[in-house]
Amino acid sequence: MSFSANGAEAGKRPLVRVEDVKKYFRLSGGWLAGKKYVYAVDGVSFDVAEGEVFGLVGESGCGKTTLSRLILKLIDVTDGVVQFEGQDLSALKGNDLRQLRQQMQLVFQNPIGSLSPRQRVLDIVAEPLKTHRHMSKEERRANVIDLLEQVGLGEQHLDRFPHEMSGGQCQRVAIARALALEPKLLILDEPTSALDVSVQAQILNLLDDIRRRLNLTYIFISHDLSVVQHISDRIGVMYLGKLVALGDSERIFNHPSHPYTQALLGSLPLPDVSHKQELVVLEGSVPSPTNPPPGCRFHTRCPIAQAICQEKEPELRQIEPDQFAACHLI
Ligand code: SF4
């Protein structure tokens, strides 16, 4: 497998291109209101090829969810470019943007909270069809049943309310709704983290199966490297608004080069990882994104940091045929 300069597989057409994207939020409360910024995403670049599963991993507050909102154009970039099928999203407005949004759908973390408690499953899944497709009531009902069957539910669930179903069943309904407009891209934001471990595996297998059947592209976001590795072709590791590692999923998981990736892996309960004793233990918490450390942003927690790490920011560069890392010492 060969990779291009920013990590995408060479020869594959990117469905999504993220180019030096930045998102800074102005602080709105307290005595620093208007004077300081939250550097949520700060110069991130990667491609996602059609049919690929791209995992984005990092601790809470690293910018991965903000990045997903930028890709969906739910918020505007401060700088940089997001492209979908070669179209610059910042240039799209009105009907063009609405048309394009049908190609990109989001599945949230909290399956029960993401569904309206006052709607039955039929109305929840039919909602995007009502808004965007001209169909009779009967056609819509048949379409909803078909979507429910694709996610392992059926006609018997049509009249249920979210509170009458389990978390796993609610997540299946949310996935069915996301599939209703036949999108090309699903952004899955921690889709399994609110579920029991046994149900997590079922949902991951379902997502994998759906992607193969429908040739979908996923951006899969999680704080848990083992979950991301389970489903992803490639993984991007984020720390404080920056991409610090990127590469083939197996390679990142089994032979992580970047100290932060090693630390993420070291915090997982994985008895079968042979090199676990070599992994570093992550201490302390992520610094504030309003005041990121100079140089390498990870230097305040990195066990092998040197003087240069405090002065110079490392670039994301290719260190192996299928792995990129931003670190002076690799
Ligand atoms: Fe650690 Fe320095 Fe590498 Fe940053 S650049 S990860 S501080 S060794």
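Colleague: About how many helical turns separate Asp208 and Arg212 in helix α6?

Modeller: Happy to start there: this is a predicted model, in which local features need pLDDT of at least 70 and side-chain atom pairs pLDDT 80 or more, while totals for chains, interfaces and linings use all residues. Residues are numbered from 1 along each chain as its sequence is written, and side-chain values use heavy atoms, without hydrogens and water. Helices are DSSP runs (H or I, at least four residues), strands likewise (E, at least two), numbered from the N terminus. Asp208 and Arg212 lie four residues apart in α6, so their separation is about one helical turn.

Colleague: How far apart are the closest N and O atoms of Asp208 and Arg212?

Modeller: A salt bridge needs a side-chain nitrogen of Lys or Arg within 4 Å of a carboxyl oxygen of Asp or Glu. Asp208 and Arg212 form one, with their closest N and O atoms apart by 3.4 Å.

Colleague: And how many residues apart are Glu85 and Lys184?

Modeller: These two also form a salt bridge, at 2.5 Å between the closest N and O atoms. Glu85 sits in the loop between β4 and β5, Lys184 in the loop between α5 and β7. The pair thus links distant parts of the chain, the separation being 99 residues.

Colleague: Are α5 and α6 roughly parallel or roughly antiparallel?

Modeller: Their axes, lines fitted to C-alpha atoms over the stretch in contact, with angles from 0 to 180 degrees between N-to-C directions, come within 10 Å and cross at roughly 20 degrees. Under 35 degrees counts as roughly parallel, over 145 as roughly antiparallel, 65 to 115 as roughly perpendicular and the rest as oblique. The helices are therefore roughly parallel.
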